[in-house]
Amino acid sequence: MSPRPTGIIVCINDRFTASKPSCARGGSVAIADALEQAIAERGLALTLERLHCLGECALGPNLRLAPGGRFFHHVKLADIPAILDEIEKELG
Ligand code: FES
């Protein structure tokens, strides 16, 4: 069982070579900004950390629950409310 989430890590890595995937090319910077705003609006006790690469580049944009929680792959801006709904359930 994963520990109770205390934060969300968002990969904002951007590669200069178009031949290799990176989360920023899929809009992860905007996703991180929108998540941060939504966390504040909901008053959730979650931190948001922007990180350069979670090692799942082909599946991005990627998020991961911290500490050591599960991944969310292929995240889109429209997914944010559902992701936060899920996390809120885990927070109880
Ligand atoms: S570039 Fe995002 S996980 Fe590697």
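A polar contact is a pair of N or O atoms within 3.5 Å; within protein, one must be able to donate a hydrogen and the other to accept it, and residues adjacent in sequence count only if both atoms are side-chain atoms. The model is predicted, so local features need pLDDT of at least 70 and side-chain atom pairs pLDDT 80 or more, while totals for chains, interfaces and linings use all residues. Residues are numbered from 1 along each chain as its sequence is written, and side-chain values use heavy atoms, with hydrogens and water left out.

**View A. Polar contacts of asparagine 62.** The side chains of asparagine 62 and histidine 73 form a polar contact of 2.7 Å. The asparagine 62 side chain also reaches the backbone oxygen of glutamate 56, at 2.7 Å.

View B. Beyond four places in sequence, its contacts (heavy atoms within 4.5 Å) include Ile9, Cys23, Leu54 and Phe72.

**View C. Serine 28 and cysteine 23.** Serine 28 belongs to helix H1 (residues 28-42) and is buried at 1% relative accessibility. Residues touching serine 28, apart from those up to four places away in sequence, are Val10, Cys11, Ile12, Cys23 and Pro61. Cysteine 23 is buried at 3%.

Notes
Buried < 20%, exposed > 50% of the residue type's maximum accessible area, 1.4 Å probe, protein only. Helix = DSSP H or I, 4+ residues; strand = E, 2+ residues; numbered from the N terminus.
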